[in-house]
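Hi,

Here is the structure I promised to pass on. Have a look at it first, and then read my notes below.

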Number of protein chains: 4
Amino acid sequence: MALSLTSSEVIGLFEKLSNWGRWGKDDQRGALNFITDKKRASAARLAQTGETVSLALPLAVTPAADNPTPVTHLIVQAGIDSDRAWLPHAADYFAIAFHGMANTHIDALCHVFWQGKMYNGFSAGEVGSHGAHKCAIDVARQGLVSRGVLLDIPKLRKVEWLEPGDRIMATELDAAEKEHGVRVEEGDILLIRTGRSRRRKSKDAWDPNREGLPGLDPTCLPWIHERRVAILGSDAVSDVLPSGYKDILLPIHVCTLVTMGVHLLDNADFDALAETCARLGRYEFMFASAPLILERGTGSPVNPLAIF
Amino acid sequence: MALSLTSSEVIGLFEKLSNWGRWGKDDQRGALNFITDKKRASAARLAQTGETVSLALPLAVTPAADNPTPVTHLIVQAGIDSDRAWLPHAADYFAIAFHGMANTHIDALCHVFWQGKMYNGFSAGEVGSHGAHKCAIDVARQGLVSRGVLLDIPKLRKVEWLEPGDRIMATELDAAEKEHGVRVEEGDILLIRTGRSRRRKSKDAWDPNREGLPGLDPTCLPWIHERRVAILGSDAVSDVLPSGYKDILLPIHVCTLVTMGVHLLDNADFDALAETCARLGRYEFMFASAPLILERGTGSPVNPLAIF
Amino acid sequence: MALSLTSSEVIGLFEKLSNWGRWGKDDQRGALNFITDKKRASAARLAQTGETVSLALPLAVTPAADNPTPVTHLIVQAGIDSDRAWLPHAADYFAIAFHGMANTHIDALCHVFWQGKMYNGFSAGEVGSHGAHKCAIDVARQGLVSRGVLLDIPKLRKVEWLEPGDRIMATELDAAEKEHGVRVEEGDILLIRTGRSRRRKSKDAWDPNREGLPGLDPTCLPWIHERRVAILGSDAVSDVLPSGYKDILLPIHVCTLVTMGVHLLDNADFDALAETCARLGRYEFMFASAPLILERGTGSPVNPLAIF
Amino acid sequence: MALSLTSSEVIGLFEKLSNWGRWGKDDQRGALNFITDKKRASAARLAQTGETVSLALPLAVTPAADNPTPVTHLIVQAGIDSDRAWLPHAADYFAIAFHGMANTHIDALCHVFWQGKMYNGFSAGEVGSHGAHKCAIDVARQGLVSRGVLLDIPKLRKVEWLEPGDRIMATELDAAEKEHGVRVEEGDILLIRTGRSRRRKSKDAWDPNREGLPGLDPTCLPWIHERRVAILGSDAVSDVLPSGYKDILLPIHVCTLVTMGVHLLDNADFDALAETCARLGRYEFMFASAPLILERGTGSPVNPLAIF
């Protein structure tokens with residue numbers, strides 16, 4: 001398939017869609033600024049039935065084709081011999097490198113660079129051996145609460161899932177809105193379902209770096225910018241893999257994180273969410289998540305909730 | 001100060017207040033069963049202003065008297081030399097043994113045992129080298145959303161904070177309700193402030209095992225049971241340290257986790273919450289948190305939110 | 001190929017070759033007792049040219065078919081931004097689960113159990129949540145120094161390497177001794193080369209659990225016992241994989257570690273050693289290694305040296 | 001006590017004692033080049049009685065004043081419930097940041113920088129997020145085997161141990177040689193005992209950064225250079241803490257690692273060694289150690305052996 005945009009057109013978007021300076025030259029929160037108290041209060045009014053749906057995969061402790069460096073989860077104190085402890089108890093330990101293709105996590109704005117810069121023009125050098133001095137994940141310590149909107153692309157296309165390499169075009173975002181009866185607005189948390197986790201459950205894991213992932217074509221970037229999306233989430237990694245651009249490996253990551261200041265939610269699981277939205281006939285809900293307060297961190301594993 | 005209850009009276013409470021079997025002999029969720037969809041929907045109606053307040057301390061990466069085994073937070077890829085990577089990016093890694101006195105976390109019901117048993121009579125042996133086969137934290141994977149209620153004991157006592165070893169009596173819970181104009185009800189998430197984090201900021205860290213912590217006297221246990229609290233949270237660890245009972249090191253932990261099936265939130269930070277409640281004149285709010293889905297885990301670090 | 005020994009004959013060997021009680025009922029060192037001061041002094045006299053050869057693979061930091069849980073090696077402080085530190089320096093961190101098929105390590109006698117027992121009849125229950133109370137690796141804290149002897153089976157068979165599943169028979173140990181002009185004696189550290197690491201370098205990694213490894217047939221066990229070998233080493237894991245016995249997954253591990261009290265050296269690299277032995281026409285040398293003093297540990301990664 | 005050398009005299013030594021270029025401009029091994037095959041063979045002839053002595057402390061798993069970030073040692077599989085595993089076994093995991101004041105380790109030449117350079121003029125920038133591209137610890141993968149010489153300063157001074165802050169002067173190295181009947185020569189591994197570990201056993205741990213450590217005065221540097229020492233070892237960290245020089249925190253570290261290319265052995269335990277040397281009346285022995293092959297690493301934990 002021929003690409004809709006050339007490489008230099010994509011790079012042109014990086015400049016055209018920039019939010020650098022929009023909230024001041026010192027701003028480190030980017031599009032989170034679109035989420036106001038009023039927006040949150042209005043999101044809460046969507047929580048009507050009280051049903052909650054987790055949008056996270058379990059922490060990925062098992063090595064797999066898409067999980068070369070699994071979470072280390074160890075039992076520090078087991079119950080079985082806990083009578084030897086000062087107080088009979090059980091406790092554990094885990095170690096996680098949460099970026100990658102296996103764990104549901106939020107990318108901080110300092111996670112990716114373009115031409116040596118992160119969001120708002122801060123230097124990549126601001127992330128040194130001791131972490132991020134700018135745009136770390138703890139800018140979101142008060143939580144990510146807003147209206148969530150799901151666009152279920154497999155439903156739109158009437159398929160079980162998108163295949164690796166499948167590109168979602170901006171026109172499909174419009175079509176999905178229409179099909180679902182919802183419209184993405186300022187400050188929303190936009191969740192795009194590709195069906196990746198359903199495919200993984202059916203077919204076993206695959207290596208996204210070798211075999212690809214479905215995701216957004218760069219034509220979606222102006223759409224996301226125009227709608228003033230606060231956070232973009234995916235059950236894959238938002239980007240199509242491979243991107244199709246030799247010199248721009250992850251155009252969506254670059255344009256959202258670096259240019260627009262939009263935090264990303266990667267590797268979520270939207271299967272249960274899609275079922276709930278379909279059952280209730282409602283593709284908007286209260287979204288609530290809070291990254292762990294990892295000061296100077298480049299992101300955090302999360303278990304986001306949709307509340308209906 | 002003489003104790004209000006003898007050791008055998010406390011043990012008597014463990015039997016009297018038992019919820020074993022209340023939700024069936026296979027139940028692993030305990031008092032989370034008090035939180036219904038209706039309760040959650042009603043909690044969401046408390047989110048009126050849209051203000052959010054984090055209830056978590058930052059992940060505790062620095063060794064301190066109350067943090068002998070700090071979180072290991074390392075930068076896997078720094079920005080400063082990220083041009084050597086396939087895609088210029090930054091990434092990190094952290095390792096955490098979240099129980100203890102330093103990190104805000106939820107205790108799963110399998111975390112503590114009494115006489116070789118956890119909640120609902122499951123054997124301590126169900127937690128082996130590979131984790132918990134019963135009552136693991138992932139019973140809460142759909143999140144912990146309900147009405148939160150803060151009882152601010154320092155405010156009631158008109159002090160800055162409670163001192164290590166100070167005991168909160170059941171009568172003070174009633175008095176705090178009255179002072180705050182709130183009443184704890186079925187399915188609530190009850191948060192008791194001792195002011196520990198304010199004291200720590202003023203006076204530096206201390207070792208709770210040597211120097212103690214303020215907390216609930218066991219006389220509060222029938223109160224918590226009667227009110228059908230779903231989750232109990234503290235800016236300390238709910239228990240007074242030392243407990244005053246030679247053979248019962250953590251009576252509140254035992255009676256909530258093991259007997260009543262009440263999950264605990266330990267080491268939270270309620271300072272900002274207390275200020276917000278006082279400012280708004282409202283001690284009830286929407287509480288939203290979701291443990292990481294650590295299958296077979298004994299708990300999870302969390303960053304809970306209060307939404308007003 | 002029909003097996004030389006039936007399953008019950010192998011189990012018979014476990015009883016017949018037992019060293020339990022040989023050095024007293026409290027002994028935790030097993031066949032290390034064969035290494036006397038005199039033996040070490042005599043081994044040192046083999047160090048004549050002063051050449052040293054490492055017998056270890058590099059720590060396995062890269063995921064591979066034989067390395068599902070790689071060593072985590074992270075830079076705590078890089079040089080590139082070390083001017084921000086109190087003293088310009090660089091430092092690292094590593095995390096390792098050293099058992100497995102990828103890292104050169106010593107197995108302590110508490111690493112494997114047979115019918116609930118480890119060496120000398122200690123209960124498997126002696127290894128609890130806090131490690132091994134008997135037969136931990138620190139019984140070897142004063143080091144493993146003795147005469148090393150290499151038997152190079154691919155050389156004997158005039159092949160580049162043994163194939164996965166290939167069985168080395170006791171008669172081949174005799175033949176290799178004769179070919180090499182060496183005789184294994186009391187207190188020796190016996191190293192058996194299968195050529196695994198050469199095969200891995202030529203053909204890429206494979207999963208030993210699915211595709212197998214070459215190793216010793218159980219007929220070698222009486223031979224090892226009779227010669228009073230102190231430590232047994234392999235460039236694979238001493239055992240043939242699969243063992244051929246449905247109920248005895250690792251007969252060599254069981255009989256050496258549990259029955260005879262012989263520590264094992266797993267996943268070594270004997271390629272350079274074999275070249276040196278062939279060049280010098282000498283298959284005996286001073287062997288020197290020292291496990292890290294991991295108290296209560298079940299083994300240690302090592303970098304053993306052959307000194308000629 | 002007035003310092004013998006001014007700050008600029010110490011910096012003068014860094015230039016005067018330089019071995020940069022001595023073994024070629026690409027050399028990464030520094031003074032290890034002093035250790036020849038002949039030297040090793042001659043060292044082996046010192047192994048006459050066959051006694052071995054470990055020079056390492058146990059891995060430091062317990063938080064202490066000198067160990068703020070202890071080794072994480074966890075049991076992956078305990079024996080007590082190992083019947084649930086595919087093969088009944090026990091296994092562990094450890095994570096270590098080995099630099100610091102608590103674990104016996106070798107410093108690679110890339111561990112410390114002076115004016116942005118490491119040994120032989122390589123840039124500090126050669127150590128990036130993925131480790132050291134120059135002078136990593138794996139230059140020593142074939143092991144550290146040579147003659148070891150102990151200089152027991154407390155014995156010379158007829159005290160139990162040196163106090164924190166005590167300075168060892170070059171004249172004392174001469175005096176100790178004379179007292180012990182030994183002379184340090186080219187390629188030797190020089191071990192200086194301060195008695196720190198004995199003091200720690202008697203008095204409990206202290207924080208070296210606050211309370212200091214005994215060590216070598218910079219006047220010892222020309223002596224070490226002239227004698228062509230290959231490796232310098234200490235039961236403390238070779239440097240006096242505090243150094244007494246405001247701008248030069250660790251003059252011995254800088255001059256040995258950066259200027260002379262001498263690897264350091266830090267935090268060893270020479271108590272048993274000192275007893276053995278005194279008993280045998282011999283302060284020279286075969287030294288054998290091998291760092292783990294941590295490619296791109298800045299050092300390694302070790303358990304070095306003295307063989308008599």
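Let's start with a term: two residues are in contact when they have heavy atoms within 4.5 Å. This is a predicted model, where local features need pLDDT of at least 70 and side-chain atom pairs count only at pLDDT 80 or more, while totals for chains, interfaces and linings use all residues. Residues are numbered from 1 along each chain as its sequence is written, chains are lettered from A and ligands numbered from 1 in the order in which they are written, and side-chain values use heavy atoms, leaving out hydrogens and water.

**Chains C and D**

Between these two, 72 residues of chain C touch 72 residues of chain D. They bury about 5,600 Å², with carbon and sulfur atoms giving 67%; buried area is the accessible area (1.4 Å probe) that two parts lose on being put together, summed over both. There are 24 residue pairs in polar contact, both at pLDDT 80 or more. That term means a pair of N or O atoms within 3.5 Å; within protein, one must be able to donate a hydrogen and the other to accept it, and residues adjacent in sequence count only if both atoms are side-chain atoms.

How many salt bridges (a side-chain nitrogen of Lys or Arg within 4 Å of a carboxyl oxygen of Asp or Glu) are there between chain C and chain D? The count is zero.

Strands here are DSSP runs of E, at least two residues, numbered from the N terminus, and two of them pair if DSSP finds at least two bridges between them. β3(C) and β3(D) run antiparallel, joined by three bridges, and C:F94 sits opposite D:I96.

**Chains D and A**

Here, eight residues of chain D are in contact with eight of chain A. The buried area is about 600 Å², 76% of it from carbon and sulfur atoms. On the chain D side, D:L74, D:I80 and D:Y93 lose the most area, together 67% of what that side buries. Salt bridges number zero again, and one residue pair is in polar contact, both at pLDDT 80 or more.

**A sheet across A and B**

What is the strand order in the open sheet? The four strands run β2(A)-β3(A)-β3(B)-β2(B), with antiparallel pairing. At the edges are β2 (72-77) of chain A and β2 (72-77) of chain B, each pairing on one side only. Within chain B, five bridges join β2(B) to β3 (residues 91-96), and B:Q77 has B:A91 as its bridge partner.

Cheers
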